[in-house]
Amino acid sequence: MSVDLSQFHQVFFEESYEGLDVMESALLNMDVADVDSETINEIFRAAHSIKGGSGTFGFSDIANFTHVVETLLDLIRSDQFEMQSEHIELFLKSVDCIRTMMNELEAGGACDTKSAVELKALFNALLDGGESKTKEIKGSISENLPESKETVTSVKGWHIYFKPSVDILRTG
């Protein structure tokens, strides 16, 4: 007897979007001069959950990309790597990239991995060269990557998903 995991895809997408929102909010509010360890842990946990869920459901493109994001976050949270302002920009680009790939999968299509491959190369360069690579990479983060599809396409409305629980009217 095997379980059809596709029945849980929507829950995965919802939880992953929430995790991406947490990551994005924490990154936008982060003060590089005074990086709070709890904030880094919060971002790491969200990335870790997305990586684990995407691996479980066979979304290997997202799992592989998120793994490298998670690796750098783990080094930062264990004080083996210092967070700098250009890293925040790189992490924000990764959030956009993951969100775009998830949107494509949720719509039933395949992931366009071009941005993920380019971002992964930047993450790997940081991981391979440590802090010394930061200066070399600094300009390439925003110059060499195309904007995500979300920023290029004009938004013409909102997509709101609301699924109330059975007890919504009982609990006020």
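Helices here are DSSP runs of H or I with at least four residues, strands are runs of E with at least two, and both are numbered from the N terminus. Keep in mind that this is a predicted model.

Q: How many helices and how many strands does the protein chain have?
A: Reading from the N terminus, the elements go α-α-α-α-α-α-α-α-α. That leaves the tally for the protein chain at 0 strands and 9 helices.

Q: What percentage of the residues in the protein chain is buried?
A: To count as buried, a residue needs under 20% relative accessible area. The protein chain has 172 residues, and the buried share of them is 37%.

Q: Is D34 buried or exposed?
A: The cut-off for exposed is over 50% relative accessible area. D34 comes in at 57%, so the label is exposed.

Q: Which residues gather with D34 in a patch of negative charge on the surface?
A: For like charges to be joined in a patch, they have to lie within 9 Å, and each residue needs over 30% relative accessible area and no salt bridge. D34 has a relative accessible area of 57%. The residues that gather with D34 in this negative patch are D31, D36 and E42.

Q: What distance separates the C-alpha atoms of D34 and M83?
A: Along the chain, D34 and M83 are 49 residues apart.

Q: Why is the pair of F12 and F13 tilted?
A: Planes under 30 degrees apart would be stacked and over 60 edge-to-face, with the rest tilted. The ring centres of F12 and F13 are 5.4 Å apart, and because their planes meet at 55 degrees, the pair is tilted.

Q: What is the angle between the planes of F57 and F59?
A: F57 and F59 also make an aromatic pair, with 6.4 Å from centre to centre. This pair is tilted, and the angle between its planes is 35 degrees.

Q: Which residues form one aromatic cluster?
A: F12 is buried at 5% relative accessibility, and F13 is buried at 4%. F57 is buried too, with 19%, as is F59, with 11%. The one cluster is formed by F12, F13, F57 and F59.

Conventions: Residues are numbered from 1 along each chain as its sequence is written. This is a predicted model: local features need pLDDT of at least 70, side-chain atom pairs count only at pLDDT 80 or more; totals for chains, interfaces and linings use all residues. Side-chain values use heavy atoms; hydrogens and water are left out. Patches are made of residues with over 30% relative accessible area and no salt bridge: like charges are joined within 9 Å, nonpolar side chains (Val, Leu, Ile, Met, Phe, Trp, Tyr) within 5 Å. Accessible areas come from the Shrake-Rupley method with a 1.4 Å probe; for residues, only the protein chains shown count as cover. A salt bridge is a side-chain nitrogen of Lys or Arg within 4 Å of a carboxyl oxygen of Asp or Glu. Lys and Arg count as positive and Asp and Glu as negative; His and the chain ends are not counted. The place of a charge is taken as NZ of Lys, CZ of Arg, CG of Asp or CD of Glu. Buried means under 20% relative accessible area, exposed over 50%, partly exposed in between (1.4 Å probe, protein chains only). Rings of Phe, Tyr and Trp (its six-membered ring) pair if their centres lie within 6.5 Å; planes under 30 degrees apart count as stacked, over 60 as edge-to-face and the rest as tilted.
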